[in-house]
Amino acid sequence: MQLIPCPWCGPREEVEFHYGGQAHVAYPAESAALSDEEWAKFVFFRDNPRGPFAERWSHAAGCRRWFNAVRDTRSYELLAVYRPDQERPVTT
Amino acid sequence: MTADIATRRSPLDGWTSRFTELAPAVRLAERPFLAQLTLRLTDTSRAAAVSRVLGVELPETPCTFSSGTGPHGPVEVAWLGPDEYLVLAQPGLQRTLESALREAIGDTHGAVVDVSAQRTTLTLSGPRARDLLAHGCAIDLHPSASPIGTCVQTLLAQAGIILLVRDADAGEFVVLVRASFATYLAAWLVDAGMEYREYREQPV
């Protein structure tokens, strides 16, 4: 089973984690001024890259904290994990 | 608030005889009704005041717990998250500890919640306790990987648990499991420990 390194608890089995979708999706600054199309884009539309992808994960069965991870969508390899208050690290 | 002690039943009431069948390879027992409090503490400036109330330092390293004896008797404090702790104390102390901890936190950002009814406690010890846990838990419990004072939140046979390593070499563990999962986990432990029932201690 794939091990995911939680920034706090260390490497744990994948079943302990919950996937949270794309990371760094900023809430619209002027939400009241948004058109329906812009709202739909914010709520439903996400990147789907082939390669490194910044995602949100939650250590649901462990410390129950959210963190971010950069995962290569081709190999499922986790290139980096970092806490939500940290910047996305540079990965190759 | 606290249920009538004469009438309340622990989640694993009536399991003692099935637990004793596993001895001497695994000594399994429930320690019911422990006082358990969730402590949230964002403002670390109050950590010293909280430690004074408990008589135990708050664990700073993730996945560890600290234990000791303080003004409220033996206390264990487990790390549950970067700002979250679980305080374990003797049965019946929840109200006293709750108000004492609230006072220690003062008006800073934090919370104390009595969660004594949320989980029940199982103690496992004996020469085969570690092997029994390994049947359903992915955590490496060898003393070199999980020394005394390790506290992990993980899955045991798909049930969420908090596991405390009391004595790594002797194989002494504490498992905290949610009350609604307790009978399932007890049945699983008894079943998984079946193969150790024939175990006899080697003559010295």
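Tutor: Helices (H or I, at least four residues) and strands (E, at least two) are DSSP runs, numbered from the N terminus. This is a predicted model, in which local features need pLDDT of at least 70, side-chain atom pairs count only at pLDDT 80 or more, and totals for chains, interfaces and linings use all residues. Residues are numbered from 1 along each chain as its sequence is written, chains are lettered from A and ligands numbered from 1 in the order in which they are written, and side-chain values use heavy atoms, with hydrogens and water left out.

Student: Which residue follows H2(B)?

Tutor: Helix H2 of chain B covers residues 47-54. The residue that follows has a positive phi, near 80°. That residue is B:Gly55.

Student: Which helix of chain B do the buried residues of H2(B) pack against?

Tutor: Buried means under 20% relative accessible area, exposed over 50%, partly exposed in between (1.4 Å probe, protein chains only). In H2(B) the buried residues include B:Val50 and B:Leu54. They pack against strands S2, S3, S4 and S5 of chain B, and against helix H3 (94-105).

Student: Is A:Gln22 buried or exposed?

Tutor: A:Gln22 sits in strand S3 (residues 18-22) of chain A. A polar atom of its side chain lies 2.9 Å from the backbone nitrogen of A:Asp47. Its relative accessibility is 16%, so A:Gln22 counts as buried.

Student: About how much area do chain A and chain B bury between them?

Tutor: Buried area is the accessible area (1.4 Å probe) that two parts lose on being put together, summed over both. Carbon and sulfur atoms carry 52% of it here. On the side of chain A, A:Trp8, A:Arg12 and A:Arg65 supply 46% of what that chain buries against chain B. For the two chains, the value is about 1000 Å².

Student: How many salt bridges join chain A and chain B?

Tutor: A salt bridge puts a side-chain nitrogen of Lys or Arg within 4 Å of a carboxyl oxygen of Asp or Glu. A:Arg64 and B:Glu84 form one, with the closest N and O atoms 3.3 Å apart. The count between the chains is three.

Student: How far apart are the centres of the two domains of chain B?

Tutor: Domain bounds come from an automatic or database domain assignment. Domain 1 is 16-32 + 118-194, and domain 2 is 35-114. Taken over C-alpha atoms, their centres are separated by 24 Å.

Student: Which residue meets B:Glu76 in a salt bridge?

Tutor: Between domain 1 and domain 2 of chain B the count is one salt bridge. From N to O, the bridge at B:Glu76 spans 2.7 Å. The partner is B:Arg166.

Notes. A polar contact is a pair of N or O atoms within 3.5 Å; within protein, one must be able to donate a hydrogen and the other to accept it, and residues adjacent in sequence count only if both atoms are side-chain atoms. Contact means heavy atoms within 4.5 Å.
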